[in-house]
Amino acid sequence: QPHLQLDRIHIAYDTPTGAQEVISGLSLALAKGQIGCLLGPSGCGKTTVLRAICGFEPLSGGAITLHGVTVSDARYSMPPEKRKVGVVFQDYALFPHLSVADNIGFGLRKLPRDARQARVQELLGLVGLPQAGGKYPHELSGGQQQRVALARALAPAPELLLLDEPFSNLDVDLRERLATEVRDIIKHAGATAILVTHDQFEAFAIADEIGVMSNGTIVQWDDPYNLYHQP
Ligand code: ADP
Ligand code: ADP
């Protein structure tokens with residue numbers, strides 16, 4: 001059984017001229033521990049799919065299941081905070097007034113203090129910033145901030161990690177290096193993840209499976225090797 005399954009989902013936006021369908025019968029299945037990528041040009045619907053998986057976008061048809069539980073269909077949408085989905089955004093959006101450690105511990109406020117501190121330290125190590133807990137976001141480089149954002153998303157051990165164009169604000173050299181690092185971090189954490197990007201390089205550097213999107217659906221789903229080597 002797949003860990004994440006999107007079964008022929010449809011999503012429409014209300015516009016002044018009527019409902020506009022932007023996702024049309026899109027399906028995918030991702031096994032636990034795999035990293036999937038939605039690759040496609042701006043406007044093809046990538047962010048809309050992520051928002052639906054988070055629970056911010058109702059479906060007009062189809063269903064989304066996460067570890068066997070239906071989280072969205074045309075009649076029901078489980079609230080976002082109950083889905084155990086962690087998100088990393090394009091613009092990192094760390095809390096500027098909180099230290100790095102408090103940013104990472106933000107989703108762990110229900111844990112006792114010792115357990116929280118231990119988990120934060122574990123994550124700082126995982127993302128290669130063991131000394132950075134006392135710093136503030138503005139003291140870190142863009143790449144370091146993005147690794148902190150990843151640590152924050154992974155801290156509560158989410159069922160699913162979503163990454164929305166996480167490298168697009170970084171310069172090209174850093175982007176390539178960070179993409180490989182982020183893949184290693186996600187694999188170490190044992191997380192299941194979906195990344196969306198318009199950048200082929202990122203998709204190839206990170207993903208186990210790539211879904212090529214066009215006009216609101218996946219037109220091809222394959223591993224990077226097969227996609228690269230096809231005629
Ligand atoms: P991508 O992430 O691939 O750039 P999006 O999911 O953001 O694509 O957008 C898919 C399509 O839906 C685009 O044509 C976009 O203009 C449209 N769209 C996105 N959000 C809304 C909205 N809130 N209302 C109406 N149309 C929207
Ligand atoms: P874009 O900047 O790509 O057009 P949006 O501003 O529509 O995208 O949303 C950015 C991302 O943030 C989406 O993938 C959405 O799922 C996610 N998002 C929006 N609000 C929240 C929230 N309160 N908690 C977690 N994720 C959120």
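## Ground rules

Residues are numbered from 1 along each chain as its sequence is written, and chains are lettered from A and ligands numbered from 1 in the order in which they are written. Since this is a predicted model, local features need pLDDT of at least 70 and side-chain atom pairs count only at pLDDT 80 or more, while totals for chains, interfaces and linings use all residues; side-chain values use heavy atoms, with hydrogens and water left out.

Let's start inside. The largest nonpolar core has 41 residues. A core here is a set of buried Ala, Val, Leu, Ile, Met, Phe, Trp, Tyr and Cys residues joined through side-chain atoms within 4.5 Å. Buried means under 20% relative accessible area, exposed means over 50%, and partly exposed is in between (1.4 Å probe, protein chains only). Ile104, Leu150, Leu161, Leu163, Phe167 and Ile186 have the most contacts inside this core. Among the elements giving it two or more residues are strand E3 (35–39), helix H4 (142–154), strand E7 (160–164) and helix H5 (172–189). Helices (H or I, at least four residues) and strands (E, at least two) are DSSP runs, numbered from the N terminus.

Setting aside neighbours within four places in sequence, Ile186 is in contact (heavy atoms within 4.5 Å) with Ile35, Leu161, Leu163, Ala191 and Ala193. Apart from this core lies another, of 26 residues, including Leu4, Leu6, Ile23 and Val196. In soluble globular proteins, nonpolar side chains tend to be buried together.

## A four-stranded sheet

An open sheet of 4 strands runs in the order E2-E1-E4-E5, with antiparallel pairing; two strands pair if DSSP finds at least two bridges between them. At the edges sit E2 (18–30) and E5 (69–73), each pairing on one side only. From one strand to the next, the twist averages 30°. Helix H1 (46–54) packs on the sheet and touches E1 (4–15), E2, E4 and E5, and its direction makes about 110° with that of E1. For such angles, axes are lines fitted to C-alpha atoms (for helices over the stretch in contact), and values run from 0 to 180 degrees between N-to-C directions.

E4 is largely enclosed by the rest of the structure, because 5 of its 6 residues are buried. E1 and E4 pair over 5 bridges, with Leu6 opposite Ile64. On to E5: 4 bridges join E4 (61–66) to that strand, and Ala63 has Asp73 as its bridge partner there. E4 and E5 form a hairpin with 2 residues between them, and His67 in the turn has a positive phi of about 35°.

## Around ligand 1

Which residues are around ligand 1? They are Tyr13, Val22, Pro41, Ser42, Gly43, Cys44, Gly45, Lys46, Thr47 and Thr48, where near means a heavy atom within 4 Å. Polar backbone atoms come within 2.7 Å for Gly43, 3.0 Å for Gly45 and 2.9 Å for Lys46, in each case to an oxygen atom of ligand 1.

## Residues worth a look

Asp199 is in the loop between E8 and H6. With a relative accessible area of 15%, Asp199 is buried, and this residue touches Leu39 and Arg175, not counting residues up to four places away in sequence.

Most residues other than glycine have a negative phi. Arg8, in strand E1, has a positive phi near 45° and counts as exposed at 54% relative accessibility. Asn215 also has a positive phi near 45°; Asn215 lies in the loop between E9 (209–214) and E10 (217–222) and is exposed at 69%.

Terms used: Polar contact = N/O pair within 3.5 Å; in protein donor to acceptor, adjacent residues only side chain to side chain.
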